[in-house]
Amino acid sequence: MSGADILNLAIGTVTGIGLSTVFVLLLFIGLCVLVGFAKTKKTAGGSARVVKSLDEVVTLKTMYYLPPTAPRGPADQLKAPELVEAAARRA
């Protein structure tokens with residue numbers, strides 16, 4: 001084998017590995033885009049999109065999501081209406 005044959009073999013190997021890598025990467029990105037579109041759904045208000053829960057995807061049952069305007073933040077469980085009423089009855 002001459003030096004030119006070895007060089008052509010090396011260039012062909014690198015080209016083949018590069019093209020197959022690009023093909024697999026494009027296939028992966030396309031799959032991620034398709035799955036990304038399939039796993040979101042609109043909220044009740046219709047303006048925001050949310051990711052479906054894994055339970056909804058597996059069981060195929062519709063889940064009901066809170067609207068984007070729902071109150072958020074920490075909840076003081078000690079001030080729950082049931083506990084406040086029980087404390088008022090005791091006092």
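**View 1. Confidence across the predicted chain.** The chain has a mean pLDDT of 79, and 78% of its residues reach 70 or more; pLDDT is the predictor's confidence in each residue, from 0 to 100. This is a predicted model, in which local features need pLDDT of at least 70, side-chain atom pairs count only at pLDDT 80 or more, and totals for chains, interfaces and linings use all residues. Residues are numbered from 1 along each chain as its sequence is written, and side-chain values use heavy atoms, with hydrogens and water left out.

**View 2. The elements in order.** Here you can follow three helices and two strands, running α-β-β-α-α from the N terminus. Helices (H or I, at least four residues) and strands (E, at least two) are DSSP runs, numbered from the N terminus. Among these elements, H1 has the highest mean pLDDT (89) and strand S1 (residues 40-42) the lowest (63).

**View 3. Leu 25 and its nonpolar patch.** Leu 25 sits in helix H1 (residues 3-38). With Phe 28, Ile 29 and Val 33, Leu 25 forms a nonpolar surface patch of about 380 Å² of accessible area together. Accessible areas come from the Shrake-Rupley method with a 1.4 Å probe; for residues, only the protein chains shown count as cover.

Methods
Patches are made of residues with over 30% relative accessible area and no salt bridge: like charges are joined within 9 Å, nonpolar side chains (Val, Leu, Ile, Met, Phe, Trp, Tyr) within 5 Å. A salt bridge is a side-chain nitrogen of Lys or Arg within 4 Å of a carboxyl oxygen of Asp or Glu.
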